[in-house]
Amino acid sequence: MQKTLGVILLAWTTLALCQDQKTQQFWSGRLSDSMCGASHHTRAAAGKMSERECIFECLKALAKYVLVDDKDQVIPIANQDVGGFPLYAGRPVRITGELKDGAIVATKVEAIPAHLHLGHVMTNWRDTPGNAGFLIAAISDGKVAAIHADLAGKSSDDLDSMKLHAGHVLHALDPSIEPKGPGSGYGVKKATTGALQHLEFAVSAEGTSDNIKARAGSVSALLNDVLQSTNQAITTAQKIRAAKSASEAAALVNELAMLAKQISEGGLQHAKTEMDLIMKGEGLENAPR
């Protein structure tokens, strides 16, 4: 009897899960409001406000959130209290839910995959310091590396000081080599690798745009150059730490300073400038984290 009841309960559970999976659907489009629908032309084109600002003004006038798909069809949303609607207003989204009486009953709203990966590059990632985007984390540690490479160059008659600052540069670039130092503990190398990987994900993900594809190549080239310079700087810093005399170390500190400046002020900052243009083109400038 107990065995029979167990089989029945298992069948009910399996059926319920299957039914739930069947009813869950996905929609992609731009989150708008029921007053303006597919076009915010009157206010936005007049320069009075952005599309996002227009949506919030319409919501104050009792409009409701709607989804505008890629054919400019306006799909009503039945439940207006889903977490994330204010965050993504005016932006491309992917909504999970089911369709009832011509309206979406939403269970989840999130950025489209391409924008999620752009966010990982620029605004947030789960294990970076402060959960910053990979590129922002790389820039922060790159500045530390440049500062201490410069300090090493100013200590060319003091072997211990040059070795100390070379160690600090190593820590900022790759803390797996030198675990102690003034950097964040994440490192330029790891952060830049993450930024490059997620930019590539964005290019191939659902919802990628011509804007992303057109600019991603130059950012990728810059990040690859940063990784190459980082590896060269690591080698140079290790040689300084292994030097037997001040003159031997002094011959290397200028090279280290040049590489660190190239990483920080050259590659990473230029990559951020290009990424800012990508984010602006996607309507994601100043996007909340």
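Let's start in a loop: Asp101 sits between strand S4 (92-100) and strand S5 (103-111). Helices (H or I, at least four residues) and strands (E, at least two) are DSSP runs, numbered from the N terminus. The model is predicted, so local features need pLDDT of at least 70 and side-chain atom pairs count only at pLDDT 80 or more, while totals for chains, interfaces and linings use all residues. Residues are numbered from 1 along each chain as its sequence is written, and side-chain values use heavy atoms, with hydrogens and water left out.

**The chain as a whole**

- Of the 289 residues in the chain, 44% are buried; buried means under 20% relative accessible area, exposed means over 50%, and partly exposed is what lies in between (1.4 Å probe, protein chains only).
- Contact means heavy atoms within 4.5 Å. Among contacts in the chain with a separation of 6 or more, 66% come from residues 24 or more positions apart.

- Leu62 is another non-glycine residue with a positive phi, near 75°. You'll find Leu62 in the loop between H3 and strand S2 (65-68), and at 74% relative accessibility it counts as exposed.

**Salt bridges**

- There are 9 salt bridges in the structure, each one a side-chain nitrogen of Lys or Arg within 4 Å of a carboxyl oxygen of Asp or Glu.
- Glu178 pairs up with Arg241, and their closest N and O atoms are 2.9 Å apart. This pair links distant parts of the chain: Glu178 is in the loop between helix H7 (159-173) and helix H8 (188-204), Arg241 is in helix H9 (residues 210-242), and they are 63 residues apart. Glu178 is buried at 15% relative accessible area, whereas Arg241 is partly exposed at 32%.
- Salt bridges with shared partners tie Arg94, Lys108, Glu110 and Glu206 into one network.
- Within that network, Lys108 bridges to Glu110, with the closest N and O atoms 3.7 Å apart. Lys108 is partly exposed at 44% relative accessibility, while Glu110 is buried at 17% relative accessible area.
- Lys154 and Asp150 form a salt bridge as well, with 3.3 Å between the closest N and O atoms. Here Lys154 is exposed at 62% relative accessible area, and Asp150 is partly exposed at 37% relative accessibility.

**The largest pocket**

- Rolling a probe the size of a water molecule over the atoms shows where empty space is left.
- The largest pocket holds about 360 Å³ of space. On a 1 Å grid over the protein atoms alone, a pocket is an open set of points where a 1.4 Å probe fits, with protein on both sides within 12 Å along at least five of seven lines; lining residues have an atom within 4 Å of a point. Grid points are joined across faces, edges and corners, and the volume is the space filled by probe spheres set on the points.
- The lining has 24 residues, and the closest to the pocket's centre are Gly29, Arg30, Val68, Asp70 and Pro92.
- Strand S1 (25-33) and helix H3 (51-60) each supply at least two lining residues, with S1 giving the most, at 5 residues.
- By class, the lining has 6 nonpolar, 11 polar and 7 charged residues. Ala, Val, Leu, Ile, Met, Phe, Trp, Tyr, Cys and Pro count as nonpolar, Asp, Glu, Lys and Arg as charged, and the others, Gly among them, as polar.

- H8 has 17 residues and reaches 25 Å from its first C-alpha to its last, close to the expected 24 Å at 1.5 Å a residue. That expected span is 1.5 Å times one less than the number of residues.
- Buried residues of H8 include Val188, Leu196, His198 and Leu199. The buried residues of H8 pack against helix H5 (113-122), helix H6 (134-153), H7, H9 and helix H10 (246-281).
- Leu173 is in helix H7 and is buried at 2% relative accessibility.
- Leaving aside neighbours within four places in sequence, Leu173 is in contact with several residues, among them Ala145, Val188, Thr230 and Ile263.
- Leu173 and Leu227 are 54 residues apart in sequence, and their C-alpha atoms are 9.8 Å apart in space.
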